[in-house]
Amino acid sequence: MIRGFMMHEIRKEVELDGLWVFQPCEGEGKDKTYKMSVPSCWESHPEFINYRGKGYYKKEIQAKGNIRLVFKGVSHTAKVFWNGEIVANHYNAYTPFEVVIRGAEDQKHELMVEVDNSFTAESSLHIPNDYHTYGGIIRPVAFQVIPDAYIQYVHFTPFKKNNQWHGKIEVAVENIGEKDQLVYLKTCISEMEYEFKEKIAIAGETVLFSEEFEFKDVKNYELEDPVLYLLKTNLYIEKDTKPVDDLIERIGFREIKIRGKDLYFNDTKVKIKGFNRHEDHGHFGSSIPYQAMMADLHQILDMGGNAIRTAHYPNDERFLDLCDELGILVWEESHARGLSEEQMRHKNFDQQSEDSIREMIMNHYNHPSIFVWGILNECASYTRYGRECYEKQFKQIKSLDQSRPTTFASCHYHRDICLDLPDIVSFNIYPGWYEQEPKGSEEFTNNEVYSWVQRATEGKGKPYIISEIGAGAIYGYRTMRKSKWSEEWQAETLERQLEAVLSHEEMTGVFVWQYCDCRVSDEWFYARPRTMNNKGVVDEFRRPKMAYEVVKRIFHSY
Ligand code: ADA
C-alpha cells in the first residue's frame with residue numbers, strides 16, 4: 001500500500017512491496033544474501049540490529065515502455081541502478097524521489113538499490129543524534145508506466161472568495177518525448193468537471209497549468225467532520241478522445257488563518273493538544289506498518305490528542321493520509337535537529353536542507369491536516385550565520401506554499417534572534433526535568449521566556465506554541481520515592497506542565513515530548529538510559545506508562 005487511496009485509474013502502477021534480495025556490503029554477512037522485506041528496516045533482522053553501513057537490495061521486474069520508479073523513503077542515501085547502470089542518487093531517508101527510464105525493452109529488468117545509513121562526511125542532516133538513523137528501504141516502492149507527456153504533480157489550494165469556496169489548481173505536465181505535444185487537461189471533483197485551456201508541452205520540458213475555479217455545494221473540511229474529496233485529473237493529447245494519463249489527489253476545503261495571537265482552522269480557533277511522534281517502533285524501527293500507524297493514532301485520540309508534530313523530519317504519506325481522514329492537525333517538519341552553527345556550515349547543509357524542504361512540500365502539499373511547515377529544530381537561531389539559514393529556508397517555503405504559516409522550535413531562551421521570521425513562535429521547554437525543581441506554575445510555562453518574547457522580540461503578539469514539554473520515565477520503574485526516571489515522576493511532572501500551559505490563555509497550545517520512546521544513536525549512550533529517549537508516554541512497544549492516564553485526563557478536560 002503506497003497511499004491511503006488509489007492515485008491512478010488509467011496509469012499503470014505496480015507496487016514492489018514484498019521480499020527483495022539483500023546483501024550487506026560489509027561485516028560477517030557480506031558474502032551471504034538474505035530475503036528482506038520492502039518496506040522495512042534491516043535492523044528488524046537480528047544480524048543487522050546494529051548494522052551501520054551499506055547494503056544492496058535487488059528485485060527483478062518485468063516491464064516495458066517509459067518506466068517511472070517511485071521511492072517513498074530510502075534510509076538514508078540511495079544509489080539506484082537499472083540493469084547495472086546508475087540512474088538516480090538520493091540523500092535523506094524521509095522524502096520521496098522518483099526517476100524515469102525511457103523506452104525500456106519488454107523483458108525482465110534488474111532493479112538494484114545501494115542503501116547507506118552510515119554517518120559519512122557527506123551527510124549534514126543524518127548525524128549521530130537523539131534519534132536513530134535506521135537502514136533500509138523503509139517506505140514503499142512502486143513502478144509506473146507513463147506516456148511521453150505525463151502528469152508530474154497536481155497541487156490544490158482552497159480559498160474563500162465572497163464567502164464561496166474557490167480553488168487554485170496547478171498541474172505540472174512533463175514531456176519526456178522527442179516531439180512537442182498539444183496537451184488538454186480535465187479535472188473533476190464529486191462529478192463536477194473543470195477544463196483547462198490547452199497548452200503545448202515542449203519536448204524535454206515541463207509545462208505548468210494553473211487555473212482557479214469556483215466550487216459550489218462542497219462541504220468544509222473540519223477537524224470534527226474531515227470531509228475529503230478526490231480530485232481526479234485526466235490528460236488528453238487529442239481533444240475528446242480517451243485520456244492517456246491521470247493523477248488522483250485527495251483534498252479538503254479548509255483555510256488556515258492567523259488573527260493576532262490566535263490560529264484559526266476555518267472559523268474555529270485552534271487549541272493544540274498534541275504529541276511529538278518519532279517514526280520509531282520497537283519491532284519495526286522507522287518502517288512502521290500502516291495498521292501500527294493507526295494503532296498509534298487510536299492511542300493519541302484516546303488521550304484526547306488533536307495534533308502531531310512530525311519531529312524532526314517529513315513523515316510517511318500513509319500516516320499523513322490517516323491524519324487527513326481523522327482530522328488530526330499536523331506540524332510537518334523538514335529534516336534537522338539540534339545543529340550547531342558549525343554543523344549548519346557543513347558543505348552540503350544548504351543543498352540537503354533545500355532538497356528536504358522542496359521534496360516535503362511538493363509531495364505533501366495537498367494534505368489538509370498539515371497546518372504549518374516547521375524547520376531547523378533547536379538549531380543555531382542565536383547566531384548571525386544561523387539566522388541567514390533560517391531566512392533562506394523560510395523564503396524557500398513561502399515560494400512553494402503561501403497558504404500555510406511557518407514556525408521553528410527554539411530552545412535559545414533570551415538570545416534567539418530569529419523570532420521575527422516565522423509566523424508562529426514555538427519553544428521547547430523542560431521545567432522539572434532539565435531545570436531543577438521549579439517553584440510554581442509560572443516556571444512550568446517558562447513564563448519569563450514568554451514575557452521576554454512579548455517584551456523584547458519581534459515574536460511579540462504572534463501565536464505561541466510550547467512545541468516540546470515532558471519528562472522521562474523508564475517503563476516499569478515504579479517507586480514510592482517518585483525519583484527521577486520513575487513513572488511517578490514523569491506523571492506528576494507532566495501533570496503540572498500541561499495544566500500550566502493549557503490554562504495559559506495566551507498560548508496556542510502544546511506538544512508533549514513525546515508520544516513513544518525511541519531509539520537513539522549509540523553515540524548518545526552517555527545521556528540516554530537504554531540508549532533510548534525515554535520521554536514517551538508509551539514505551540517503544542506502545543505499553544502505556546502512568547503518564548498516559550494523566551495526559552488523557554488533562555487533554556480531555558481542556
Ligand atoms: C530537544 C529536542 C528533542 C529531544 C528533547 C529531549 O528539545 O528537540 O529532539 O532531544 O530535547 O528529549 O531532550
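**Cysteines, pocket and cores**

Mentor: Let us begin with C25, whose sulfur lies 17 Å from the closest cysteine sulfur, that of C41, which is too far for a bond. Please keep in mind that this is a predicted model.

Trainee: And how many disulfides does the structure hold?

Mentor: The structure holds 0 disulfides. C41 is in no disulfide either, as the nearest cysteine sulfur to its own belongs to C518 and is 13 Å away.

Trainee: New topic, then: what is the volume of the largest pocket?

Mentor: The volume of the largest pocket is about 600 Å³. Its lining is made of 32 residues, and those nearest the centre of the pocket are R68, E98, Q152, M362 and N363.

Trainee: Which elements give two or more residues to that lining?

Mentor: They are the strands β4 (54–71), β6 (85–91), β7 (97–116), β9 (149–161) and β18 (245–251), together with helix α4. By type, the lining residues divide into 12 nonpolar, 11 charged and 9 polar.

Trainee: What does M362 touch?

Mentor: Once residues up to four places away in sequence are set aside, M362 touches Y153, H155 and L400. As for I138, which is 224 residues from M362 along the chain, the C-alpha atoms of the two are separated by 20 Å.

Trainee: Okay, and which residues touch the most other members in the largest nonpolar core?

Mentor: That core has 68 residues, and the ones touching the most other members are F275, M344, Y390, F427, Y464, L498 and V537. The element that gives the most to this core is helix α9 (residues 547–557), with 6 residues. In soluble globular proteins, nonpolar side chains tend to be buried together.

Trainee: Let me pick L498 from that list: what is L498 in contact with?

Mentor: Leaving out neighbours within four places in sequence, L498 is in contact with I469, S503, V510, V512, V551, I554 and F555. There is also a second, separate core, which has 30 residues, among them M36, Y57, I61 and V74.

How values were computed. Residues are numbered from 1 along each chain as its sequence is written. This is a predicted model: local features need pLDDT of at least 70, side-chain atom pairs count only at pLDDT 80 or more; totals for chains, interfaces and linings use all residues. Side-chain values use heavy atoms; hydrogens and water are left out. Contact means heavy atoms within 4.5 Å. On a 1 Å grid over the protein atoms alone, a cavity is a set of points where a 1.4 Å probe fits but cannot get out, and a pocket is an open set with protein on both sides within 12 Å along at least five of seven lines; lining residues have an atom within 4 Å of a point. Grid points are joined across faces, edges and corners, and a volume is the space filled by probe spheres set on the points. Helices (H or I, at least four residues) and strands (E, at least two) are DSSP runs, numbered from the N terminus. Ala, Val, Leu, Ile, Met, Phe, Trp, Tyr, Cys and Pro count as nonpolar, Asp, Glu, Lys and Arg as charged, and the others, Gly among them, as polar. A nonpolar core is a set of buried Ala, Val, Leu, Ile, Met, Phe, Trp, Tyr and Cys residues joined through side-chain atoms within 4.5 Å. Buried means under 20% relative accessible area, exposed over 50%, partly exposed in between (1.4 Å probe, protein chains only). A disulfide is a pair of cysteine sulfur atoms within 2.5 Å.
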